[in-house]
Amino acid sequence: MFVPLSYNFRSLFVRRSATALTVLGIAATVAVLAGVLALRQGFTTMFAGSGRSDLAVFLRPGATGEGDSIFRRDLGERLIKTLPEIAADEDGRPRASLECFLGIRRSRVGGGETYVPVRGVQQQTFALRGEELTIAAGRNFNAGSNEVIVGQKLDGYVQDCSLDDVLTINTTPFRVVGVFKSEGASQSEIWGDLDRVMAALERDSPNRVIAALDPETDVEALNERLKNNEETPAKVLTERDYLTSQTAVLSGILLGLGSFLAAVMGLAAIFTATNTMLAAISARTQEIGVLLSLGFKPFPIFLSFLFESLLLGLLGGVLGSLIALLFNGVETGGMNFQTFTDVAFAFRVTPKVLLIAIGFATLLGVLGGAIPAWRAARLTPTEALRRD
Amino acid sequence: MIRLVWRNLLKHPLRALLTVGSLCIAMFLLCTLRSVVTTLNAGVNSAQQNRLWVISSVSLFVQLPPNYQEKIRQAPGVAETCKWQWFGGFYQNEKNFFGQFACDKPELLKMWPEIEVIDGSADAFVKNRIGCMLGEGLAKEFGFKVGDTLPLIGALFPGPDGAAWEFTVEAIYRPSRPTLDNRTMFFGWDYFAETFRAINGGEESDVGVVVVEAEKGRDITEVIAAIDGMFEGGPQRVRTTTEAEFQRQFVTMIGNVPRLLSFIGGGVFIAILLACVNTMLMAGREQTHDIGILKALGFTDSAMFRVLIVQSMVLCVLGGLSGILLALLSAPVLAQVLQMFFPGYTILPQTLALAGVITVLIGLFAGIVPAWNAARLRCVDALRSQA
């Protein structure tokens, strides 16, 4: 026979100040864990979530990212012209574009410096992007002119990145003619004409080729083939894989930070839960005696107290998740160490994050309740009743 | 009275231990998180006042033309200049990452008095064309010793025969201030530039960064304006910053990390505070009966107040001290783990003091409510209560 659950609910309610303090303690732990996970989620979703698997990125063999990839222009053009895997549009032109990329020093609106990615693109890039990218204000830049469009996240965050501002790269002034909207990392980028941007940066070589591939293409095989190719050496990966590879370091740091904090704070929360349950049980020794003498077996009593502690954890988990939900959507930003550029992203409290948080809190409750519940179950009726 | 406190604590040894444990964890976290923030700021706070960093105004990754150093040297107020060129090679495989810079060796040693050569000799480092100087941490990590040959694969710059570069370890340094980390390798500009010329058909290499030492007593802002003004018309504009500003920019670039850590620290603090208040309240409530007896025996209100405060203090101080100790003991390990992102992780005495003060405050705060209750309690009520 099991001890009725209402017994536990009531007992938590009767000792409400102790319950509240314990629940708050667990909630704080869970909120921190959920917060860090939500930050990581926000960063990876923003950066890599919109990466497409039907687009391929071609880098210099051995390059780890666009920043250290120098793709000679003649090689890039030859690649676009000759690679059979690159899809063609209705007019028979290859659906591919050369792009250059550099994190440039910019002042933030609120002060301080940051590195903002500037990307020089060819007109084909817009065909490749299609609906992904829409002009929210102003217009697109004209090919061959010193005009740029900026991602929506930069407007108001970085100086000279609002409509009609003049943005100077080294000695070349560019006019901001449009603000664009997109889902991925490009919302923190400045886009301009490939040739004009390269001229301003005094560069001869772009950084990558981006292309739409025929759907049947085996990208890994293509990579193997081009890796040591004499004519057009390149490292090939899908855009999604490329972007994911660029998030590994920061995402790893956040995961490490979250796990470390959760482990350490969780230990403290277990201690608190144990303390609360110990006190709860020592105050109810007599009641336990009564239960035992009524014929309840030790195991149901053990379960009963474990359940009470689990409830504590669950309450803490729910409260902590609610605290974390307050941050959902809050914009923040940080340095992606791999691209060495500033990215804006938001806390994203996803169901998965909530599930982990509540699961963790419940685990804390169960672990915290184990010793006290075991103690309670070991009592003998006479001993328990004798205590004052 | 001390014995009374002791007895009370030992009455529930597990509970006392758990309270000490949670405080230990709290103070450990507090010290650690705070130290990450102070480590981040250490470079800013100890920056050399008259060292200026001349960097392309476009990006740290855009280089300066070869003749810039000579021009900068002519600027009014410039006493000394030193090139730093990021090399970006790796040792054996790409995972073995550390900073490597080609520098003007004599100027490097002159302008950075915080470089203390602890093994080998600075002279040999300067004289040997392929000589290099390693940070203490780096040498330890890979087991490099003075006299060793160190091959590097140049990911950005191919070596003399198109393959690896070879260096001889001539000196090991220890930075006496956190403006430099102990995981960097320095080698001579000449070796780099000559190899570069040979590979690139006589072309001069560009320069990454030029560091300037301003003349003593000069107005820094004037020196900065003079240098920046020189290249206003191109070919490559520069933006000169003080070393403090340069370091601060790196810190602000990391974004909200310090704020995030403070936020987490706040969460931890509140959680632990609640836990302690909770335990003390429970302990106080359970002692109601005992307090009644003690009061009946003639203990004064203030004596009871003190007993409960001291009880709380003992637990908290024990926990706090062990947490601080734990933080100190784990510092070398954490420094190792964090060195990629927060090089030079150290716990400052101020952080320890802060943790100490907070411990005492928690002790006081957690003890004061039960102590106040105990002092106010009438012994009739207390005795009547069934603990």
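Helix α2 of chain A covers residues 16-48, and at 1.5 Å a residue its 33 residues should span 48 Å; the end C-alpha atoms sit 45 Å apart, so the two figures agree. Of those 33 residues, 29 are buried, which means α2(A) is largely enclosed by the rest of the structure. Keep in mind that this is a predicted model. The predictor gives the complex an ipTM of 0.72 and a pTM of 0.78. For chain B, the mean pLDDT is 83, with 96% of the residues at 70 or more.

Now for the domains. Chain A splits into domain 1 (5-48 + 246-386) and domain 2 (55-214), while chain B has domain 1 (2-44 + 256-384) and domain 2 (58-236).

| Domain pair | Distance between C-alpha centres |
|---|---|
| Domain 1 and domain 2 of chain A | 46 Å |
| Domain 1 and domain 2 of chain B | 49 Å |

In chain A, ten residues of domain 1 and twelve residues of domain 2 make up the contact.

Over in chain B, five residues of domain 1 touch five residues of domain 2. The domain 1 side of chain B brings two nonpolar and three polar residues to this contact, and no charged ones.

Technical notes:
Residues numbered from 1 in each chain as written. Chains lettered and ligands numbered in written order. Predicted model: local features only at pLDDT ≥ 70, side-chain atom pairs only at ≥ 80, totals over all residues. Domains from an automatic or database assignment. Contact = placed C-beta atoms within 7 Å. Nonpolar A, V, L, I, M, F, W, Y, C, P; charged D, E, K, R; others polar. Helix = DSSP H or I, 4+ residues; strand = E, 2+ residues; numbered from the N terminus. Expected span 1.5 Å × (residues − 1). Buried ≥ 20, exposed ≤ 12 C-beta atoms within 10 Å, placed from the backbone. pLDDT = per-residue confidence, 0-100.
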